[in-house]
Amino acid sequence: MRMRTRGHLDERLEGCRQLFLGDGPLPSPLHIEIGCGKGDFINQTARLHPELWYIAVERVSNVIVLAMEKAKAAELTNLKFILGDFAANAERFPDGSVDRIYLNFSDPWPKNGYAKRRLTHGRFLELYKRILSDKGEIHFKTDNRELFEFSLETFPKNGFTTGEVTFDLHNSGFEGNIMTEYERRFSEMGTPICRLVAKKV
Ligand SMILES: C[S@@+](CC[C@H](N)C(=O)[O-])C[C@H]1O[C@@H](n2cnc3c(N)ncnc32)[C@H](O)[C@@H]1O
């Protein structure tokens, strides 16, 4: 949905103000999604697991507002949002404070010159390693085979094991998958979805 004006967007963000993560200690057990987009995945996940806490990070304001409005309409009390780039906000997460990170259909940045912007680049994996608890996990899904193969190399190089690896999630027998907006779009086009779970060594 397009915002009519910047003022209109500000008004809508203001209407969701109580859903922005505030200061103070973070709740636990905590799962986060980096790059939540329009938020179908994190809203549905948070609704299914009222016993867990969730934070969704998204750097584009006219996208995050849609995710926040869904959370507001559903009256979710276990989901908060951070508007901004994850790297610029990583300090908000103390060491070991996060039990799970979801990376869903992260931007692939196909040109090598932009590899550092990939959310599975070593630069980001170092940040994840610090904020993840000892039993912490990263659940990663993508339609992009090149990004997936890149990630299969970067995780082990940066202190993670990889498991539950599939190059065709929807035909893998995996149960309980929650589709994201991008996942729905790519699977309707017939693109297989790749998935892995990375764990701290
Ligand atoms: C391709 S979209 C996928 C959205 C959603 N996860 C899905 O699967 O439908 C990637 C999203 O990640 C966000 N993003 C990319 N890099 C980010 C970063 N460093 N910090 C926060 N958000 C980021 C983008 O703004 C975009 O909305």
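C16 is buried (under 20% relative accessible area, with exposed over 50% and partly exposed in between, for a 1.4 Å probe and protein chains only), its relative accessible area being 1%. The model is predicted: local features need pLDDT of at least 70 and side-chain atom pairs count only at pLDDT 80 or more, while totals for chains, interfaces and linings use all residues. Residues are numbered from 1 along each chain as its sequence is written, and side-chain values use heavy atoms, with hydrogens and water left out.

**Cysteines**
- The whole structure contains zero disulfides, a disulfide being a pair of cysteine sulfur atoms within 2.5 Å.
- The closest cysteine sulfur to that of C16 belongs to C36 and lies 12 Å away, which is too far for a bond.
- C36 is likewise in no disulfide, and it counts as buried because its relative accessibility is 5%.

**The sheet**
- Seven strands form an open sheet with mixed pairing, in the order β3-β2-β1-β4-β5-β7-β6; strands are DSSP runs of E with at least two residues, helices are runs of H or I with at least four, and both are numbered from the N terminus.
- The edges are β3 (79-83) and β6, each with a single partner strand, so one side of each has no neighbour in the sheet.
- From one strand to the next, the twist averages 20°.
- Five bridges join β6 and β7 in the antiparallel sense, where pairing requires that DSSP find at least two bridges between two strands.
- T166 stands opposite R195 in β7.

**Helices across the sheet**
- Helix α2 (residues 40-48) lies across β1 (30-34), β2 (53-58), β3, β4 (98-104) and β5, and runs at about 175° to β2; axes are lines fitted to C-alpha atoms, for helices over the stretch in contact, and angles run from 0 to 180 degrees between N-to-C directions.
- α5 lies across β1, β4, β5, β6 and β7, at about 140° to β5.

**Helix α6**
- The buried residues of α6 are L147, F148, S151, T154 and F155.
- These buried residues pack against α5 (122-131), β5 (132-142), β6 (160-166) and β7 (194-200), with contact meaning heavy atoms within 4.5 Å.
- After α6 comes G159, whose phi is positive, near 85°.

**N89**
- N89 is found in helix α4 (residues 86-89) and counts as buried because its relative accessibility is 12%.
- Not counting residues up to four places away in sequence, N89 touches I82 and G84.
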